[in-house]
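Here is a short report for a reader who is new to this structure.

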Amino acid sequence: MYITQHTDYALRALIYLGTSGDRLVTIQEIAERFGVSRNHLMKVVNALIRAGFVEGMRGKGGGLRLARAPGEIIVGAVVRQMEPGMHLVECFGSGCQCILDPDCKLKVGLARALAAFLQVLDEMTLADLVGKSERSILKFLPIVTA
């Protein structure tokens with residue numbers, strides 16, 4: 001299984017916001033903490049805001065915070081929302097050209113594997129990802145500059 005960089009950054013941003021409590025956090029702060037592109041992170045955060053995972057306040061003194069409690073944010077829902085498609089192979093989409101498609105055992109196995117992957121993520125909330133060690137790492141490790 002593979003998740004895109006977009007989803008990876010979304011999960012990192014949520015973890016960071018989850019460790020920040022109600023404090024407003026800037027995109028720049030998250031980008032510097034993880035050593036990632038501010039411009040790319042801005043697109044990711046906008047998607048998180050549109051999906052209702054994050055609140056964004058504009059203007060002086062503005063910033064970001066979680067729109068819901070960490071225990072209410074299901075990791076599987078975040079992955080589904082952020083991934084452009086969960087098509088592991090061509091035959092998962094429309095217009096498949098594979099001659100094996102009508103009775104392909106590989107397609108069935110891959111579909112089961114994807115379902116199992118998402119089931120595990122559906123059992124996890126953001127609260128499960130923001131324990132004491134994550135708070136310590138994000139608070140005390142030096143900031144990485146991109």
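## A buried charge without a partner

Glu83 is buried yet forms no salt bridge, and Arg80, the nearest side chain of opposite charge, is 11 Å away. Buried means under 20% relative accessible area, exposed means over 50%, and partly exposed is in between (1.4 Å probe, protein chains only). A salt bridge is a side-chain nitrogen of Lys or Arg within 4 Å of a carboxyl oxygen of Asp or Glu. For charge, Lys and Arg count as positive, Asp and Glu as negative; His and the chain ends are not counted.

The model is predicted: local features need pLDDT of at least 70, side-chain atom pairs count only at pLDDT 80 or more, and totals for chains, interfaces and linings use all residues. Residues are numbered from 1 along each chain as its sequence is written, and side-chain values use heavy atoms, with hydrogens and water left out.

What does Glu83 reach instead? Its side chain comes to 2.9 Å from the backbone nitrogen of Thr4. The side chains of Glu83 and Thr7 are joined by a polar contact of 2.5 Å. A polar contact is a pair of N or O atoms within 3.5 Å; within protein, one must be able to donate a hydrogen and the other to accept it, and residues adjacent in sequence count only if both atoms are side-chain atoms. With neighbours within four places in sequence left aside, Glu83 is in contact (heavy atoms within 4.5 Å) with Ile3, Thr4 and Thr7. Glu83 sits in the loop between α4 (75–82) and α5 (105–122).

## The overall layout

The protein has seven helices and two strands. From the N terminus on, their order is α-α-α-β-β-α-α-α-α. These elements are DSSP runs, numbered from the N terminus: helices are H or I with at least four residues, strands are E with at least two.

Of the 146 residues, 32% count as buried. Among contacts between residues at least 6 apart in sequence, 66% join residues at least 24 apart.

In soluble globular proteins, nonpolar side chains tend to be buried together. Here the largest nonpolar core holds 32 residues, and Leu14, Ile30, Leu41 and Leu48 touch the most other members. Two or more residues each come from α1 (5–19), α2 (27–34), α3 (38–50), β2 (63–66), α4, α5 and α6 (126–129). The largest share, seven residues, comes from α1. A nonpolar core is a set of buried Ala, Val, Leu, Ile, Met, Phe, Trp, Tyr and Cys residues joined through side-chain atoms within 4.5 Å.

Which residues does Leu41 contact, leaving aside its neighbours within four places in sequence? They are Tyr9, Ala13, Ile27, Ile30, Ala31 and Val36.

## One aromatic pair

The count of aromatic pairs is one. The ring centres of Tyr16 and Phe34 lie 6.2 Å apart and the planes stand at 75°, so the pair is edge-to-face. Tyr16 is in helix α1 and Phe34 in helix α2, 18 residues apart, so the pair links distant parts of the chain. Rings of Phe, Tyr and Trp (its six-membered ring) pair if their centres lie within 6.5 Å; planes under 30 degrees apart count as stacked, over 60 as edge-to-face and the rest as tilted.

Tyr16 is buried, at 7% relative accessible area. Phe34, at 21%, counts as partly exposed.

## Salt bridges

The count of salt bridges is four. One of them joins the side chains of Asp8 and Arg12 (2.9 Å, N to O). Both residues lie in helix α1, four residues apart, about one turn of the helix. Asp8 is partly exposed at 27%, and Arg12 is partly exposed at 26%.

Another joins Arg65 and Glu55, with the closest N and O atoms 3.0 Å apart. This pair links distant parts of the chain: Arg65 is in strand β2 and Glu55 in strand β1 (residues 54–57), ten residues apart.

Arg80 also takes part, in a salt bridge with Asp122 at 2.7 Å between the closest N and O atoms. Arg80 is in helix α4 and Asp122 in helix α5, 42 residues apart. Arg80 is partly exposed at 39%, as is Asp122 at 33%.

## A loop residue on the outside

Glu123 lies in the loop between α5 and α6. Glu123 is exposed, with a relative accessible area of 56%. Glu123 and Ile74 are 49 residues apart in sequence, yet 7.4 Å apart in space, C-alpha to C-alpha.
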